[in-house]
Amino acid sequence: MLEALLVMALGAVVLGAALGYAAVRFRVEGDPLVEKIDAILPQTQCGQCGFPGCKPYATAIAKGEAEINQCPPGGEEGIHKLADLLGREFKPLSAEHGVEKPKSVAVIDEQACIGCTLCIQACPVDAIVGAAKQMHTIVASQCTGCELCLPPCPVDCISMEPIAESVETWKWRYPVVRIVPAQKEAA
Amino acid sequence: MSVLQRLFGFHGGVKPDYHKDASTSLPIAVAPTPTFLVIPLHQSIGGPPRPLVKAGERVLKGQRIGGADGNASSAVHASASGTVVAVEMRLMPHTSGLSAMCVVIETDGRDEWVANQPFDYRSATPTQIRDYLRDAGVVGLGGAVFPTYLKLNAGKQGKLDTLVLNGAECEPFITCDDVLMRERAAAILKGAAIMREMLAAGKVLIGIEDNKPEAIAAMEAAARAANAAAADAAIEVVAVPTRYPAGGAKKLIRVLTGIEVPHGERSTDYGVQCFNVGTAYAIHEAIELGRPLISRIVTVAGNVKQARNYEVLFGTPMQDLIALCDKLPDSDRVIMGGPMMGLLMPGEDVPVVKATNCVLVGSKKLFPPPPPEMPCIRCGECAKACPADLQPFEMYWFSRAKIFGKAQEYNLFDCIECGCCAYVCPSRIPLVDYYRFAKSEIWAREVEKEAADVARERYEFRLLREEREKQEKAAKLAAKTAAGREKAAAAVAEAAKPAATPEEEAKKALIAAALERARAEKSLVHPENTADLTPEQQAEVSAIEARRAEIREMAKPQLRQDD
Amino acid sequence: MTEQDNERIVNNSPYFLQPASVQSVMLRVLLALLPGIAVYVWFFGAAVLVQIVLASITALAAEAVMLKLRGKPLMMFLGDGSALVTAWLIALTFPPIAPWWLTVIGVLAAIVVAKHLYGGLGQNPFNPAMVAFALMIVAYPSLMSQWPAVGFTDFLPQWNAIFGDRQLDAITMATPLDALRTALHTADARATVAGVLGSDASFGNIGGKGWEWVAAGYFLGGIYLLQQRIITWHMPAAFLATLFVISGGFAMYDPTRFVGPSFHLFTGGAMLGAFFIVTDPVSGCTTPRGKLIFAAGIALLTWVIRTFGAYPDGIAFAVLLMNIAAPLIDMYTQPPVFGHKTRGGGAR
């Protein structure tokens, strides 16, 4: 009996030591977690998550201070990716942080713009060009669709326009969609 | 046909029924000019050209209507003289059923050419020739429509061993290259000579599948004449075994030279370049006759009474061609291209474009609807048939499960979508559809990721800039206060208060003034608008609002369905 | 969401499809089994036909129930023939005079557990017929070891053995593999291969008496499958060659203790295995090199189990063991992709 216990204990010690050594010896130096989370976030910098940008939100997730379902632009897919990365459970998008919308860009109605520069200051990615008392316009290719320029505009001349599908951006659909109930055929 | 030429095999491939005889019994006919030409501006790979004409303008045949814009773009020309009636979105010859910018020309039947000046390529620099070909709109006519001028670059060594002309034409039904070679062999070889000179290529190998003996004979005769004229033996016609997809550029290069060009690499780095015979003909037309690319040979085949090849002006509606051939009553679809790789058209009224090598009319009898899909039993038939040596069932597995990273690990992007795997699959799985789906998803993600990276960079730069501006402001302020302290100690308290306050106030005042001005302007321009909102006005405003809301609502479920 | 019950709503190229179907593949496999079955009946009586019918009915019924339970289109899958192939293989690997319930339980285990609980056609990681064989030989070792005597083709006693009163002494006989092992392992230490082979009536010219001709029948069917391009040469060749080399090598090393290659190739399930069992595409390897490794591995394990193990034949266990390794082998044996100098694909 004692021998068996000793053998088992010895085995445990040896194997434990081997595992510990392996953990140190073959340690994988990965990217810091925040970077990995930040790479998944859509970088709209819209602040809908309650943090001032994607990086702060990523930091908060990494620290466990924020849930993974607070990013509407990232959508369900983003939550799935975060859940995979962090080994957490998938959660539907939290309603208080917003809803998933089609990808859009902001468009300035150039007739109405008074050139106040408030939107330029609000834009997190400097995608609006213009100067004081000059008409502003949005560089569509750089706009992330964060909508942060909408509230500061005193004349409400900015609107969000969904990006239309073109021949170039059109995607082939998943080959099968419709489900045929088995009962019909079986009957 | 050289006996000495050693041929190389390629793995896989299939032998479908060819159905080629129907359309080769008659010579090429010129399709009549339609009343309205709808010419898409974007007809080739690369950036969309910018429109050069406006509605109401008169254009001549061969006049440039779309200018090459940016990298890898290629020009587009009016295919007949007439008046531009619109530059607008029209249905494209694309499976998506989406529209794109097109120039619509009402033809005047006079067929007035712009002044055709042959291009003296011998006294031009390579760059000048390439620019000329770009502006002549010459693109690959094999189906991939890659701008030809980009391929006429000899690469690192400055010279090539082999120029391959692709006359294999392996897809069933399509015979446009076949008849072109039969009837215009000499012109093809003249174009090839220009290419050979530009690429400093040693020899010219013309690969033709051995099911086209007439084309081989015609090309051989022309090659003998050309070789005799040049007193060398550089041009050689090679009959290659008939096996789909021997006409894929990389497969043909492999068959003729034994060289395998990997995906994503230039074949010129391996000393070889490949062009379609139609492209060689187009180069001859552009350089020696000064005619830009405005037409091509199109096979009209399938469920029609008399299949035939036509020389068709770009922008001609496909239904006109189909009418020429007498569509049979049970036809149910139009396909651009062949039955293996062709694209289903959203309608018969889409225009013929540079990529249109064949207008294939289909019916349920000719192309029976696929039987229900069964599970994959991993029989490996697809791997046996794959000419790219891929493992199609593994790619299918991961594409179906939307595990795109894994699909890419199995070299999804080496897939040329030739359809051999789906052709042989006993479970009748639409394999290629899964690859197309996975590829476009991966592309979309790639684009999204790039956009996100740019946004992150710009956001971080902005934070940096704001920080720097803050520091600069603080430094300025500190300097100011230091200066002020010397002047008057009493003013310290006031000066220490951020100088921004008066600035901000000034700004606010400015904004208020601007607002006032804007309001005043508005009321000046539309006095009735603000003064008394008429019911019509109100209705209009609310209609616009409603439409906006509707568009947003409409966009939402669509996106969800796609998920 | 599974795809097989969905209807294709898009129809993109290719519009041409080769007239091939899972059904035609499976039917040709059944056809290829016929010569072997005919010889089987000739030497061992019609009992095997009873087993085939029994197994087929059970398999189709089980398949129908499972498809119904899983909500799959019934006719499409029932007609694919895959259940019949499994049933026939079970009938041919089980003793033909086994009691009816043994076959029924075996088929149920194959269809219900090994096939449908893993996701049905195309999804099973293990060869269903071999799962059935392994399960039954572990659960009922003695029943699975009672084989009919060669040349004793009277139908009535065989029928009784299956459905009624089992009077086995007259009609059974140890299989050659069993006889050889028993002689070598349990008899006195001076027993030699040559001595055993010469003394027992169950041994024929090259393999087991009768069995060698059944094996030849399977070989003929295998050639048909190769000609029809339903299987590739890799697996049968690697399996038979490995078995030949390893048994030949050991027989040369010590001919008194190890029996030679012809015996190994022409007794037991070797020939059936080489062309019909090892080649099951669903649970096996798919890359050309993977197929070679996979089949060679089965041959090696088969020889080891036959020579040193306690069971009469080792193919079932060997196949199941290699089934586990198949995905790994596939991953490491991806063929080079067109234009790629090195092996592409698979996580390396």
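## Helix crossing, sheet and interface in a predicted complex

In chain B of this predicted model, the axes of helix α10 (residues 392-400) and helix α13 (residues 431-487) come within 9 Å and cross at roughly 55 degrees. Angles under 35 degrees would count as roughly parallel and those from 65 to 115 as roughly perpendicular, so α10(B) is oblique to α13(B). The crossing of α10(B) and α13(B) is left-handed.

Which residues make this contact? From α10(B) come B:P392, B:M395, B:Y396, B:S399 and B:R400. α13(B) contributes B:L431, B:Y434, B:Y435, B:F437 and B:A438. By class, the contact of α10(B) with α13(B) holds eight nonpolar residues, one polar and one charged.

Chain B also has an open sheet of three strands. Their order is β3-β5-β6, and the pairing is antiparallel. β3 (50-51) and β6 (76-77) of chain B are the edge strands, each pairing on one side only. Two bridges join β3(B) to strand β5 (residues 64-67) of chain B, in the antiparallel sense. At residue level, B:R50 has B:G67 in β5(B) as its bridge partner.

Next, the contact between chains B and C. Chain C gives 37 residues to it and chain B gives 48 residues. On the chain C side, β1 and α1 (22-44) each supply at least two residues. The side of chain C that touches chain B has 17 nonpolar, 16 polar and four charged residues. For the complex, the predictor gives an ipTM of 0.85 and a pTM of 0.83.

How confident is the prediction for chain C? The pLDDT of chain C averages 85, and 88% of the residues score at least 70. Among the elements of chain C, helix α5 (residues 100-116) has the highest mean pLDDT, 95. Strand β1 (residues 6-8) of chain C has the lowest, 46.

| Stretch of chain C | pLDDT | Contacts in the model |
|---|---|---|
| Residues 1-8 | under 50 | 24 contacts beyond four places in sequence |
| Residues 342-348 | below 50 | 19 contacts beyond near neighbours in sequence |

Where pLDDT is low, predicted coordinates should not be read in detail. Residues 1-8 of chain C have pLDDT under 50, and residues 342-348 of chain C are below 50 as well.

Terms used. Residues numbered from 1 in each chain as written. Chains lettered and ligands numbered in written order. Predicted model: local features only at pLDDT ≥ 70, side-chain atom pairs only at ≥ 80, totals over all residues. Pairing = 2+ DSSP bridges. Helix = DSSP H or I, 4+ residues; strand = E, 2+ residues; numbered from the N terminus. pLDDT = per-residue confidence, 0-100. Contact = placed C-beta atoms within 7 Å. Axes fitted to C-alpha atoms, helices over the stretch in contact; angles between N-to-C directions. Parallel < 35°, antiparallel > 145°, perpendicular 65-115°, else oblique. Left-handed = near helix turned anticlockwise from the far one by under 90°. Nonpolar A, V, L, I, M, F, W, Y, C, P; charged D, E, K, R; others polar.
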